[in-house]
Amino acid sequence: MPDRHIVKSYDRDLEAIQALIMKMGGMVETAILEASQSLENRDEELAERVRANDSAVDELEERVNEEAARMLALRQPSAGDLRTVLTVMKISANLERVGDYAKNMAKRTGVLLQMAPIDGSSGAIRRMSMAVGGMLKDALDAYIQRDAELAEDVRLRDHEVDQMYNALFREFLTFMMEDPRNITACMHLHFIAKNIERMGDHVTSIAEQVIYLVTGEMPEDDRPKADRTAIEAPKV
Amino acid sequence: MYDNPLTKRQTLTQEVKFSARGVNVFYGDSHAIKGVDVDIEDKTVTAFIGPSGCGKSTFLRCLNRMNDTIDVCRVEGRITLDGEDIYDPRVDPVQLRARVGMVFQKPNPFPKSIYDNVAYGPKIHGMARSRAELDEIVERALRRGAIWDEVKDRLDAPGTGLSGGQQQRLCIARAVATEPEVLLMDEPCSALDPIATAQVEELIDELRQDYSVVIVTHSMQQAARVSQKTAFFHLGNLVEFGETGQIFTNPRDPRTESYITGRIG
């Protein structure tokens with residue numbers, strides 16, 4: 001929306017609340033990246049930092065909710081402005097959840113570092129993290145540029161993350177059957193993979209909010225889902 | 001899970017009360033209304049919004065031929081009430097205005113008693129055969145105007161002695177006393193405080209059970225609160241007409257969006 005409000009402070013309020021989202025988004029992107037790095041490089045210090053940083057994301061979410069409530073009460077936004085405030089609230093909730101998953105990854109990394117590494121797993125997890133991190137970056141870009149097409153692209157990419165998760169699920173199962181001593185590490189790794197898969201779902205939800213923000217309507221068609229692990233037994 | 005959004009403003013009927021087609025209004029050389037087509041439903045509150053000079057009041061005044069009183073004003077096109085052309089030469093504007101009542105921005109009670117303010121219309125239209133019948137009509141109208149309890153003990157007091165909000169509700173009672181089918185309201189709350197405004201808005205919602213109400217308002221929040229349908233006028237054009245919730249969450253026309261969000265349109 002190129003036009004400015006007649007009341008300039010309204011624009012400043014809207015910009016400020018969106019700046020909070022971008023700040024939150026940046027912090028969460030970093031958390032995803034660093035959590036996977038800490039696992040791959042067996043970097044305990046980095047993992048600890050990721051865990052510590054999450055509280056800042058939680059605080060930002062609260063701040064966004066307070067500001068949004070004030071906007072609703074004081075400005076009574078309508079149309080595109082209303083959708084901005086509504087989406088800001090939902091996106092911050094999604095980001096907060098993604099931040100929690102990254103924190104949980106870092107926690108499990110702390111445990112995993114006390115065990116022997118499982119071959120090839122940390123690389124696969126890093127690739128999965130990068131896919132989700134890239135989706136998040138694009139979803140936030142789509143948000144700030146009001147780009148529904150890019151958001152739709154992000155939404156469809158969640159499919160790839162689901163497939164990566166399926167592959168890892170089967171791989172961990174194989175490792176555990178091969179050697180029961182792998183079970184503890186593989187369970188943690190599986191939770192990490194599942195966390196990343198859930199991050200993808202939250203990022204998808206952010207992309208859907210962008211589509212709603214731009215078009216006024218939520219996307220209707222069901223997006224393809226590739227996580228079949230809850231529906232059928234894997235053929236190992 | 002549910003059939004309609006909770007906030008979707010249900011209209012009681014889809015029956016069309018007023019139908020306007022190709023309406024143009026000129027004040028001398030100035031083209032005030034440009035080719036407006038709209039259907040106004042019965043038992044529905046329809047709000048007209050738009051910046052000053054956009055034509056919303058002019059169009060409202062076409063609906064009971066108030067523009068007839070302005071010499072330089074010319075109305076073209078067709079406006080029907082229940083299918084009958086209201087600009088047909090055979091239509092008596094006075095009879096039309098009994099069917100289509102009007103409430104103005106500034107409360108304008110007659111300098112008479114509260115009772116006579118309400119009784120005036122029914123008397124000249126010969127609606128009562130006896131004093132008892134007239135009493136009944138006056139009480140019913142004052143009750144509909146949600147002011148009966150406040151004035152029932154002082155019906156002989158002058159209407160001009162009431163507070164602004166009470167005066168406006170008296171004017172609404174006066175307008176409904178002749179049993180109109182449509183109530184036109186031109187900025188009915190702009191001279192009222194928030195409590196009186198809320199009382200009039202509640203009244204408007206009650207009146208919708210029996211009447212088609214058309215309200216012109218500068219307050220978009222008021223339009224959002226009281227109406228089921230909203231029409232946005234701009235530079236004499238009817239830019240957008242739709243369900244109120246849709247207009248305020250997802251307007252189709254960028255000019256509507258600019259206006260309702262307080263941007264320069």
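Predicted model: local features only at pLDDT ≥ 70, side-chain atom pairs only at ≥ 80, totals over all residues.
In chain B, 69% of the contacts with a separation of 6 or more are between residues 24 or more positions apart, where two residues are in contact if their C-beta atoms, placed from the backbone, lie within 7 Å. Residues are numbered from 1 along each chain as its sequence is written, and chains are lettered from A, with ligands numbered from 1, in the order in which they are written.

Let me stay with chain B, which has 10 helices and 10 strands; helices (H or I, at least four residues) and strands (E, at least two) are DSSP runs, numbered from the N terminus. The C-alpha trace of chain B spans about 55 × 50 × 35 Å along its principal axes, and 44% of the 265 residues of chain B count as buried, meaning that 20 or more other C-beta atoms lie within 10 Å of the residue's own, whereas 12 or fewer make a residue exposed and anything in between partly exposed.

Now to the other chain: 12 residues of chain B are in contact with 13 residues of chain A. On the side of chain B that touches chain A, helix 9 (244-249) and helix 10 (254-260) each supply at least two residues, and helix 10 gives the most, with 3 residues.

Finally, in chain A, Ala124(A) sits in helix 4 (residues 121-145), and Ala124(A) is partly exposed because 18 other C-beta atoms lie within 10 Å.
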